[in-house]
Amino acid sequence: MTPSEDSADELLGRVLLCRVIEPGDEAGGRWVREFGVGEVLRRLREGVPALPGVSEGRWAGLVARARRARPERDLAVAGEAGARFVVPGGAEWPGQLDDLGDARPIGLWVRGRPSLRMWALRSVAVVGARACTEYGTHVAATLAGGLAERGWVVVSGGAYGIDGAAHRGALAARGATVAVLACGVDRPYPRGHAALISRIADQGLVVGELPPGDHPTPSRFILRNRVIAALTRGTVVVEAACRSGSLATARAAERLGRFTMGVPGPVTSALSAGVHELLRAGAALVTDAAEVVELVGDMGDLAPPRRGPVLPRDLLEPASRAVLAALPGNRAATVEEIALGVPTTRDEAIAKLYELRALGYVERHGDGWKLTRQAMMSVRTGHGPC
């Protein structure tokens, strides 16, 4: 048998196993690793001997699934939907998925023109609650748009809420986005996102472990999250309640040694409680795309420092600031009183007072000195007199 025939048999075998073994099944992954795809298929087709670590009832179910599987038909249906099947070791396979060990996908169905391996090299997951707030929607869309503008691929799960906002934010910025589904890539879920997922397939990538036509289940959603976590350099959770499934993505990212990040929300919001627990457990707090890139990007990709406004009086030299601070706010003061308040000499105080007068901070009233109206306003509003 030629190498090309070996590759074709391996591909068909993995397509069949996608019908037999559930996503994330570590026993199935161990069988493939220890015995190889060919031997696993032989035992499933013949029904004996049973593979180790499985009960009689489960083995019978797996054998029944294998006998009903039609890998050639699955490939044909996928091809009609514009999808291809990517296998471990292939040119398009993202090597970081191998970090999942025996829970690594048997293979991935991919819709879209770009290379999954290349896009995954600079990707970030943005996930969160389905029933999100306007705050969460705004933050997710803005964050994803900022990442896309910086050349990063935004990965999410295609769901309602934060996922959808993240995909739309990346698309609005004319950026790249990947939707990882918990069903067949030819069956958009949720139905209300059919147009969005179709647009992602046209402009980006739609990825899934399950073969064409397969439907999602609660367990498949949770297991899908490990692929999102492994595929990306880091996971950002925007809004999540304490029982949110998006926290499973963050926990998987942490186990895999990826960056785990959270965007804080109001302490009164139950939809931010899960994120706050994540932050208390050690996740990095981020508020915008620049801070995310500082963590997941290359050395030197630093977020700009955050500082309050620089006021004109901040630019005064220390001695002048000290004299200005020594003037009472409600009356004039003598030079002697001001000098004692600094403390400094009378001559030094006079010199600084005339400098401050030239800048509009103080004015002379007979033998005393007083803050100008503009200087008083600058204390209240934070704006300088000049």
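The model is predicted, so to speak of a local feature takes a pLDDT of at least 70, and side-chain atom pairs count only at pLDDT 80 or more, while totals for chains, interfaces and linings use all residues. Residues are numbered from 1 along each chain as its sequence is written, and side-chain values use heavy atoms, with hydrogens and water left out.

Starting with the overall build, the protein has 17 helices and 12 strands; helices here are DSSP runs of H or I with at least four residues, strands are runs of E with at least two, and both are numbered from the N terminus. The C-alpha trace spans about 110 × 40 × 40 Å along its principal axes. The radius of gyration is 31 Å, whereas a compact globule of 386 residues would come in near 21 Å (taken over C-alpha atoms, with the globule rule being 2.2 Å times the number of residues to the power 0.38). Buried residues make up 50% of the 386, where buried means under 20% relative accessible area, exposed over 50%, and partly exposed in between, with a 1.4 Å probe and protein chains only. Of the contacts (heavy atoms within 4.5 Å) with a separation of 6 or more, 68% link residues 24 or more positions apart.

Inside, the largest nonpolar core has 36 residues, and Leu17 and Leu44 have the most contacts within it. Such a core is a set of buried Ala, Val, Leu, Ile, Met, Phe, Trp, Tyr and Cys residues joined through side-chain atoms within 4.5 Å. Elements giving two or more residues to this core include α1 (3-20), α4 (56-68) and α9 (194-203), with the largest share, five residues, coming from α1. Leaving aside neighbours within four places in sequence, Leu17 touches Val32, Val37, Val40, Leu41, Leu44 and Ile106. Another core, of 35 residues, lies apart from this one and has Leu108, Val178, Ala229 and Ala240 among its members.

Next come two of the helices. Helix α2 (residues 26-35) packs on helix α3 (residues 37-46) at an angle of about 120°, with the axes 6 Å apart; axes are lines fitted to C-alpha atoms over the stretch in contact, and angles run from 0 to 180 degrees between N-to-C directions. From α2, Trp31, Val32 and Phe35 meet Val37, Glu39, Val40 and Arg43 of α3.

Over in strand β7 (residues 234-237) sits Thr235, which counts as buried because its relative accessibility is 0%. Beyond four places in sequence, the contacts of Thr235 include Ala125, Val127, Thr249 and Phe259.

The peptide bond from Val48 to Pro49 is cis, with omega near -15°, and Pro49 is in the loop between α3 and α4. Val342 and Pro343 are also joined by a cis peptide bond, with omega about -10°. Arg174 has a positive phi of about 60° without being a glycine; this residue lies in the loop between α8 (162-172) and β5 and, at 80% relative accessibility, counts as exposed.

As for the cysteines, the disulfide count is zero, a disulfide being a pair of cysteine sulfur atoms within 2.5 Å. For Cys18, the nearest cysteine sulfur, that of Cys183, is 14 Å away; Cys18 is buried, at 7% relative accessible area. Cys242 cannot pair either, because its sulfur is 17 Å from the closest cysteine sulfur, in Cys132, too far for a bond. At 53% relative accessibility, Cys242 is exposed.
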